[in-house]
Amino acid sequence: MTSSLAFLKGHGTENDFVIIPDPDNAIDLPAPAVARLCDRRAGLGADGILHVVRSAAHPEAKAMAGEAEWFMDYRNSDGSTAEMCGNGVRVFARYLQHAGHVEPGDLAVATRGGIKQVHLHKDGSVTVAMGRAQLPAGEVTVSVGDRSWPARNVNMGNPHAVAFVDSLDDAGNLYAPPPFTPAAAYPDGVNVEFVADRGPRHVAMRVHERGSGETRSCGTGACAVAVATARRDGADPAVTGEAVTYTVDVLGGTLSITETPDGSVEMTGPAVIVAAGEFDPAWLTETAFG
């Protein structure tokens, strides 16, 4: 391993990431090392890791290399892998532009949730085609303390439970994953969004992200919230024949989510690179395993 490893920090609506450029997939990132890098006191601090690898160099992405040169090997802050991260895709694309790998315009990014089409706007915002939401059948309930709410089961390439509440304070502290039933609905855990109305086509949310705890923002969560809210409001584009756009306030800013009559969901929001540096891989090994 080299004497130093490069990293960058970036965020999308304050959902923050450590970016590890590794085109040849030469850097080993076991779960304990990822967790230490993301530690906000003993590490660099982040909600997750964006491991930047060429698709052809990663066994999970080789099949997508013909359509997307770059693979977002995303890790949650506890070291676990995730299918997708909507804010992460925006920051990932911004990094590729920052590093000179791509120009403003359209590009494809490979993820464990499939290939995502991205547009880098000249004003600094990024739009991601998030695919179609899946709405598994069956009732779901989420709880905080002795209170519980029905939740909409929405899958955006990763699982979400969307609960509508009177106040975002109803979500409690979100330190621990909110309990849900039935357990069979989410065998691998779930991202839980609590949603309150702010106005016409305008909601606010808080989220407990699976593997990361409460975060300042969740892109796939905001998409799930918009889809669930459209169904609640009787504005399902597949029924009305008209696209619907929701403004979704997260703790770290605002995202715009549009769903079209064919079910496609697009998310637009900011993505910022804030810092770059190096760390000693020996420190990482000692910290993670010593």
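1. The charged end of Arg232 sits over the ring of Phe164, at 4.6 Å from the ring centre. Such a contact is counted if NZ of Lys or CZ of Arg is within 6 Å of the ring centre and within 35 degrees of the ring normal. The model is a predicted one: local features need pLDDT of at least 70, side-chain atom pairs count only at pLDDT 80 or more, and totals for chains, interfaces and linings use all residues. Residues are numbered from 1 along each chain as its sequence is written, and side-chain values use heavy atoms, with hydrogens and water left out.

2. Strands (E, at least two residues) and helices (H or I, at least four) are DSSP runs numbered from the N terminus.

3. S9 and S10 form a hairpin with 3 residues between them, and Gly157 in the turn has a positive phi of about 95°.

4. A search of the whole structure finds 4 aromatic pairs. Rings of Phe, Tyr and Trp (its six-membered ring) pair if their centres lie within 6.5 Å; planes under 30 degrees apart count as stacked, over 60 as edge-to-face and the rest as tilted. One of these pairs, Phe7 with Phe279, is tilted, at 6.2 Å centre to centre and 45° between the planes. It links distant parts of the chain, with Phe7 in strand S1 (residues 5-12) and Phe279 in strand S18 (residues 272-279), 272 residues apart. Both Phe7 and Phe279 are buried.

5. Phe180 and Tyr186 form an edge-to-face pair, 5.2 Å centre to centre with 85° between the planes. Phe180 counts as partly exposed because its relative accessibility is 22%, whereas Tyr186, at 4%, counts as buried.

6. In helix H1 (residues 31-38), the buried residues are Ala33, Val34, Leu37 and Cys38. Seen down the axis of H1, these fall within an arc of 130°, so they line one face of the helix. The arc is that of the directions from the helix axis to the C-beta atoms.

Technical notes: Buried < 20%, exposed > 50% of the residue type's maximum accessible area, 1.4 Å probe, protein only. Pairing = 2+ DSSP bridges.
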